[in-house]
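Here is a short briefing on a protein model. Look over the sequence and structure first, then read the points by topic.

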Amino acid sequence: MSNWFRIARNTFQESLREPVSVLLLFVVLVVIALYPACASFVFYEEQKFVVDGTLATIWFGAFLAATLAAGNTVCRELRNGSILLILSKPVGRFTYFAGKLAGIVAGTLFFGIVSGCAALTALAAATDTYLYETSLVLIPLGILVAAALIGAAMNFLRGASFSEWTNYMTGILTVGFCLFAITSADKLPFDLVEVVKALLALLAAMTLSGALAATVAFYLDFVPTLGVMFGVFLLGTLSQFFFVRETGVASLDALLRVAYALLPDWQLFWLADAVAMKHIVPWRYVGWAWCAALTQVALLILWGNEFFVRREAAAIDRKC
């Protein structure tokens, strides 16, 4: 257990130390912060505009974050042969595989939680079609500048990783300001509980995407992993259109059902439309979404580990 935790922690830290991680987080947070200012002339549908825009930005950004983290932490370690050194120590293959997967999932969830808090702040800022809280737009942008300055100071004074500290400070300041903005508001222009449900369901999808990216990265290099993940993203988003149909041919219908069962149906985790239309989402739906995601994650761990233990360690770096 201690080896698994160390591998997971190191993988999480490595994913945050990559410059592309802080760049991606900054881009997503800037886009989210600007949504309330772009909600003019939407005919009193500013909350729907901001909900749809922020959740779509978070979801696509988290998918990229999971893929990039898997490519930078798993593929690189397999390519440079570090796996041979790790497996020569008292570290089992399942421990190594599960630790890497847990670290990538943790990095993806970090991205999702920080972005989700930024989305709540943006929703609090979108008070009216022609009016928005300027401070709730400008302060999140200032937080990014402050986080970058703190990261630069830690890098200069202590030699710490600029990207890692900037990510940490961005998360702390963004979450803290979100809590302040929500608790200090007299009345929120949105249903906080329903938005939280939508974010929780989206975090379940992020957990699954992180596990999937980690599993694929153990067998493919970075660019093929990116291509496979984009394919899964597109097919999973349109899986109901492609696979949930009756063709009249029993064998083809069975094949479509198998394909639908194997591919994640991302639409099941997407609750932005329900929130925008002010529908009440039962908590049990969120719970079942997490159960479905964790079940698929467990299957990925079993399937990925089964193939990983059969591979010759000395040949892994040559294939990646």
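**Aromatic cluster, cavities and surface**

W59, F60, F63, F230, F233, W266 and F269 form one aromatic cluster. The model is predicted: local features need pLDDT of at least 70, side-chain atom pairs count only at pLDDT 80 or more, and totals for chains, interfaces and linings use all residues. Residues are numbered from 1 along each chain as its sequence is written, and side-chain values use heavy atoms, with hydrogens and water left out.

**Aromatic pairs**

- The structure holds 14 aromatic pairs. Rings of Phe, Tyr and Trp (its six-membered ring) pair if their centres lie within 6.5 Å; planes under 30 degrees apart are stacked, over 60 edge-to-face, and the rest tilted.
- F63 and F233 make a tilted pair, 4.9 Å centre to centre with 55 degrees between the planes.
- This pair links distant parts of the chain: F63 sits in helix α3 (residues 46-79) and F233 in helix α9, 170 residues apart. Helices (H or I, at least four residues) are DSSP runs, numbered from the N terminus.
- F63 is buried, at 3% relative accessible area. F233 also counts as buried, at 13% relative accessibility. Buried means under 20% relative accessible area, exposed over 50%, and partly exposed in between (1.4 Å probe, protein chains only).

**Cavities**

- There are 3 cavities of 30 Å³ or more. A cavity is a set of points on a 1 Å grid over the protein atoms alone, where a 1.4 Å probe fits but cannot get out; lining residues have an atom within 4 Å of a point.
- The largest cavity holds about 190 Å³ of space. This volume is the space filled by probe spheres set on the points, with grid points joined across faces, edges and corners.
- Its lining has 18 residues; S15, L16, S21, A65 and G107 are the closest to its centre.
- Helices α1, α2 (19-34), α3 and α5 (93-125) each supply at least two residues of that lining. The largest share, 5 residues, comes from α3.

- L235, L238, F241 and F242 make a nonpolar surface patch of about 380 Å². Such a patch joins nonpolar side chains (Val, Leu, Ile, Met, Phe, Trp, Tyr) within 5 Å, from residues with over 30% relative accessible area and no salt bridge. A salt bridge is a side-chain nitrogen of Lys or Arg within 4 Å of a carboxyl oxygen of Asp or Glu. Areas come from the Shrake-Rupley method with a 1.4 Å probe.
- L238 lies in the loop between α9 (222-237) and α10 (239-243). L238 is partly exposed, at 42% relative accessible area.
- S2 belongs to helix α1 (residues 2-17). S2 is partly exposed, at 43%.

Technical notes: Patch = residues over 30% accessible without salt bridge, like charges linked within 9 Å, V, L, I, M, F, W, Y side chains within 5 Å. 1 Å grid on protein atoms, 1.4 Å probe; cavity = no way out; pocket = protein on both sides within 12 Å on 5 of 7 lines; lining within 4 Å.
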